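Reader: I'm new to this one and would like a close look at a single part. Could you walk me through it?
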Amino acid sequence: MAKNEELVFGIHAVNALLAKAPERFIELWLLKGREDERFLPITNLARKYGIPAQMVQRRVLDDKSEGEQHQGVVARVKPGKVLTENDLDDIIKLAEQRDIPPFLLILDGVTDPHNLGACLRNADAAGVQAIIVPKDNAAKLTATVRKVAVGAAESVPLIQVTNLSRTMKQLQQQGVWIIGTAGETDTCLYDVQLSGPMALVMGAEGKGMRRLTRENCDQLVKLPMAGSVSSLNVSVATGICLFEMVRQRLANR
């Protein structure tokens, strides 16, 4: 595959991208003999936009997706725009224009594509306006991430920043309160006001947040852990934290 091309697979991921950016599609490969209702939106949109589609055997799809679960559909597409700090400013301005407090998720050092995909799905469900990640040492938007995100990768902007600490300081200057998660704090998530302009910071499993990231948080919180397990998967913990923030935001409308 050429450098200026990407693969997308999975029914939700392909369908979401078709609905949002059909101009990016080069061609589709679909599982021969599959014509169920879940496939109809994809085949109808491909026909509508004149996207070449081939019916192929499962082994062809298995080879193209390198063994990942493709659900019978693989697409070859043009790469999307990489979003940066400048795009983040536009997202915050748009939220302010709509009189909606900024609601952001920062992932520090999350390198596993399955975790990033699950966090995108959580963020979409919670109404997060953007996910911020460092440009280096972090998972990128790959076909696997899009598949796990089941379409959320097309609805939640993923912002790649060169210097995460600098971006956090800029957010604070714009009135965004930054909450970090850390096991060593005594402050419980449920004891903190979380309804204003907020950014939640989640660190990588095991290592947690880096030192500079932790130091640039306005407040640290932890989840109450009652069992013998000391931590949760980052995507699970992210979902719990985001929806406590959602609960408080709804209560303070």
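At what angle do the axes of helix α4 and helix α7 cross?

Author: Happy to. First, this is a predicted model, where local features need pLDDT of at least 70 and side-chain atom pairs count only at pLDDT 80 or more, while totals for chains, interfaces and linings use all residues. Residues are numbered from 1 along each chain as its sequence is written, and side-chain values use heavy atoms, leaving out hydrogens and water.

Now your pair. Helix α4 covers residues 85–97 and helix α7 covers residues 164–173; their axes cross at roughly 20 degrees and come within 12 Å. Helices here are DSSP runs of H or I with at least four residues, strands are E runs of at least two, and both are numbered from the N terminus. An axis is a line fitted to C-alpha atoms, for helices over the stretch in contact, and angles between N-to-C directions run from 0 to 180 degrees. That crossing angle makes α4 roughly parallel to α7; the label covers angles under 35 degrees, with over 145 roughly antiparallel, 65 to 115 roughly perpendicular and the rest oblique. The crossing is right-handed, meaning the near helix is turned clockwise from the far one by less than a right angle.

So who meets whom? From α4 come Glu 85, Leu 88 and Ile 92, and from α7 come Arg 166, Thr 167 and Leu 171, with contact meaning heavy atoms within 4.5 Å. Sorted by type, the residues of this contact are three nonpolar, one polar and two charged. Here Ala, Val, Leu, Ile, Met, Phe, Trp, Tyr, Cys and Pro count as nonpolar, Asp, Glu, Lys and Arg as charged, and the others, Gly among them, as polar.
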